[in-house]
Amino acid sequence: MTSAADPLTLVLVGPMAAGKTSVGRRVARRLGVAFIDTDKRIVAAHGPIPGIFEEHGEAHFRTLERAAVAEALAEGGVISLGGGAVTEAATRDLLAEHPVVFLTVSPDAVADRLRGSSRPLLAGEDPLERWKKIFEERRGWYAEVSSATFDTSRRPMQKIADEIVAWRREQR
C-alpha cells in the first residue's frame, strides 16, 4: 500500500490532443488518487498560457512548468504534463524516478480533436502540419522519459485508462 511518504504516482506525457487529461482523470479515479494537470495549475497561478507565451516567452513558461511538475511529483497522484514539458532537460530529469506513460496518437485522430482549439503553438496556417512537426521534434523525448506507451487514436478513453491502471498496478 502507498504511504504519505510514498504516494502512488503516475505521469502522463504526449503530444497536444493525445488525451492526457481525459485518460488521466479516469486513471486517477480508478486508482483513488488525485489528478493534477500541470497546465491548469500554471493557468490558475499565472493566467492563460497564450498570454504567458506572448508576454514573457516560451523559456519563462518552461520555467513555470518545471516548478509545477516538481510540485505535482512531490504531491503524487496521476499527473498530466503539457505537451512541451519534455523539451526541458531539467524537467525530464525530474521524471527519471517515476513511472511515465507516453500517450501517442495518430495525425488522423488528432485532426478531429484539434478543430476549434486555441493552442498557442498551433496558431497559424495549417494546425495539423504544425502538430506533426512539433510531435516529430518531441517524440524522442517522450520515448526517453516513458516506461510504457499507449495509443489513444481510435479506442475508447475508458479502455485505455483501464489498461494503464492494470499496467501501473503491475509496477508496484
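Modeller: Let's start with pairing: two strands pair if DSSP finds at least two bridges between them. Strands here (E, at least two residues) and helices (H or I, at least four) are DSSP runs, numbered from the N terminus. One caution: this is a predicted model, where local features need pLDDT of at least 70 and side-chain atom pairs count only at pLDDT 80 or more, while totals for chains, interfaces and linings use all residues. Residues are numbered from 1 along each chain as its sequence is written, and side-chain values use heavy atoms, with hydrogens and water left out.

Biologist: Fine. Which order do the strands of the open sheet have?

Modeller: In general, strands of a sheet pair through backbone hydrogen bonds, either parallel or antiparallel. Here five strands form an open sheet with parallel pairing, in the order β2-β3-β1-β4-β5. β2 (35-37) and β5 each have a single partner strand, so one side of each is left without a neighbour in the sheet.

Biologist: And what is the pattern along the sequence?

Modeller: The protein chain reads β-α-β-α-α-α-β-α-β-α-α-β-α, with eight helices and five strands.

Biologist: How many bridges join β4 to β5?

Modeller: Four, and these two strands run parallel; L103 stands opposite F150 in β5. On the β1 side, β1 (residues 9-13) pairs with β4 over three bridges, also in the parallel sense. There V11 has V100 as its bridge partner, and L12 has V101.

Biologist: Is β4 itself mostly covered or mostly open?

Modeller: Buried means under 20% relative accessible area, exposed over 50%, and partly exposed in between (1.4 Å probe, protein chains only). In β4 (residues 100-104), five of five residues are buried. V100, F102 and T104 point one way, V101 and L103 the other. Across the protein chain, 45% of the 172 residues count as buried.

Biologist: What does L12 touch?

Modeller: A contact means heavy atoms within 4.5 Å. L12 lies in β1 and is buried, with a relative accessible area of 0%. Leaving aside residues up to four places away in sequence, its contacts include K20, V23, V78, I79, V101 and L103. The C-alpha atoms of L12 and F102 are separated by 6.0 Å, though the two residues are 90 apart along the chain.

Biologist: Which residues touch the most other members of the largest nonpolar core?

Modeller: A nonpolar core is a set of buried Ala, Val, Leu, Ile, Met, Phe, Trp, Tyr and Cys residues joined through side-chain atoms within 4.5 Å. In the largest one, of 43 residues, they are V13, V27, L95, L103 and I164. Helix α8 (residues 157-170) gives this core its largest share, six residues. There is also a second, separate core of seven residues, I52, F53, F61 and L64 among them.

Biologist: Last one: which residues do ring pairs link into a cluster?

Modeller: Rings of Phe, Tyr and Trp (its six-membered ring) pair if their centres lie within 6.5 Å; planes under 30 degrees apart count as stacked, over 60 as edge-to-face and the rest as tilted. The cluster links F102, W131, F135 and Y142, and the count of aromatic pairs comes to five.
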